[in-house]
Amino acid sequence: MRYPDAQLRANHRPAHLIPPGVDPRNVVIVQAPPRSYAGPIALTIAIALGASVVLIVLAHAFQIAAPAAAAAMPTIGGASITLKLARKHHKH
């Protein structure tokens with residue numbers, strides 16, 4: 001039998017699904033379709049991509065805002081703040 005419902009169409013009913021004392025000719029067995037994982041997988045991928053885009057945007061915004069905030073600090077509080085990149089000194 002090639003198709004999943006071929007047994008039911010051939011009037012072969014699974015005995016464990018029929019209650020005792022019931023005429024098998026009057027029984028209709030309804031089986032739930034197998035669960036699809038496409039939706040949860042797509043949702044997980046969408047969340048991961050969305051989170052990575054948010055992190056990239058935040059990193060870019062911080063990269064622009066940090067020097068601007070450091071430049072504006074002397075005018076706001078009168079204090080001087082300098083941002084410097086760490087540099088490695090190589091000795092040969």
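User: In which helix is Ile41 found?
Analyst: This is a predicted model. The protein has 2 helices and 0 strands. Ile41 falls within residues 38-77, which form helix 2.

User: Is Val27 buried or exposed?
Analyst: Val27 is found in the loop between helix 1 (6-9) and helix 2. A residue counts as buried under 20% relative accessible area. Val27 has a relative accessible area of 12%, so Val27 is buried.

User: What distance separates the C-alpha atoms of Val27 and Leu17?
Analyst: Along the chain, Val27 and Leu17 are 10 residues apart. The separation of their C-alpha atoms is 9.6 Å.

User: What percentage of the residues in the protein is buried?
Analyst: The protein exposes about 8800 Å², and carbon and sulfur atoms supply 66% of that area. Of the 92 residues in the protein, the buried share is 7%.

Notes:
Residues numbered from 1 in each chain as written. Predicted model: local features only at pLDDT ≥ 70, side-chain atom pairs only at ≥ 80, totals over all residues. Heavy atoms only, no water. Helix = DSSP H or I, 4+ residues; strand = E, 2+ residues; numbered from the N terminus. Buried < 20%, exposed > 50% of the residue type's maximum accessible area, 1.4 Å probe, protein only. Areas by Shrake-Rupley, 256 points an atom, 1.4 Å probe, with all protein chains shown as cover.
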